[in-house]
Amino acid sequence: MVKNQRHLSRKVAFQILYRYDLALHAEKTSPPTGAELESDLVRHFQHFEVPNEVQEFTQQLITGTLNQIKELDETIEKHAKNWRLDRMGFVDRTLLRMASHELLNFDDTPHAVIINEAVELAKQFGNAETASFVNGILDSIVKTLKT
């Protein structure tokens, strides 16, 4: 998959995961699972005309993040000194979950690339502090992976 396709996959996955997190907090509805998740993703891909070549990786990021959310949240909180997940902004939390999932499960992508992509999305969708906040926590997670 080409670099730009991976970037687009991460961007689309972030937007969908962000939507699910908002719904969870506003309406107290859990993200869809199984066939319901697959159907929701197909509708999203069709509605927003997501290219076929980015759909598989996007789906892997979303499904994996949602399936591991409890473990990812524990990892993030362990590395986010003095920050509980429920105090983080939606953008920060969503990016950290998705990037942490990718760091822990996709050996074919260098950690620096995953962090850089998360930082770029943080700059695009977050506030002035989001990029450095996300970078710091992800860097801490990577340091523990290397030991």
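Guide: In this predicted model, the count comes to two cavities of 30 Å³ or more. A cavity is a set of points, on a 1 Å grid over the protein atoms alone, where a 1.4 Å probe fits but cannot get out, and a lining residue has an atom within 4 Å of a point. Grid points are joined across faces, edges and corners, and a volume is the space filled by probe spheres set on the points. Residues are numbered from 1 along each chain as its sequence is written. Because the model is predicted, local features need pLDDT of at least 70 and side-chain atom pairs count only at pLDDT 80 or more, while totals for chains, interfaces and linings use all residues; side-chain values use heavy atoms, with hydrogens and water left out.

The largest cavity has a volume of about 90 Å³. Its lining consists of L17, Y20, D21, L24, P31, T65, L66, I69, T94 and R97. Two or more of these residues come from each of α1 (3-27), α3 (52-67) and α5 (90-105), where helices are DSSP runs (H or I, at least four residues) numbered from the N terminus. The most is given by α1, with four residues. By type, the lining divides into six nonpolar, two polar and two charged residues; Ala, Val, Leu, Ile, Met, Phe, Trp, Tyr, Cys and Pro count as nonpolar, Asp, Glu, Lys and Arg as charged, and the others, Gly among them, as polar.

One of the lining residues, L17, lies in helix α1. L17 is buried, with a relative accessible area of 6%; buried means under 20%, exposed over 50% and partly exposed in between, with a 1.4 Å probe and protein chains only. Leaving aside neighbours within four places in sequence, L17 is in contact with I62, T65, L66, T94 and M98, contact meaning heavy atoms within 4.5 Å.

T58 belongs to helix α3 and has a relative accessible area of 0%, so it is buried. Its side chain reaches the backbone oxygen of V54 at 2.6 Å; a polar contact is a pair of N or O atoms within 3.5 Å, of which, within protein, one must be able to donate a hydrogen and the other to accept it, and residues adjacent in sequence count only if both atoms are side-chain atoms. Beyond four places in sequence, T58 is in contact with S9, V12, A13 and F45. H44, in helix α2 (residues 34-47), counts as buried at 12% relative accessibility. With the same exclusion of sequence neighbours, H44 is in contact with V12, I16, R19 and V50.

Conventions. On a 1 Å grid over the protein atoms alone, a cavity is a set of points where a 1.4 Å probe fits but cannot get out, and a pocket is an open set with protein on both sides within 12 Å along at least five of seven lines; lining residues have an atom within 4 Å of a point.
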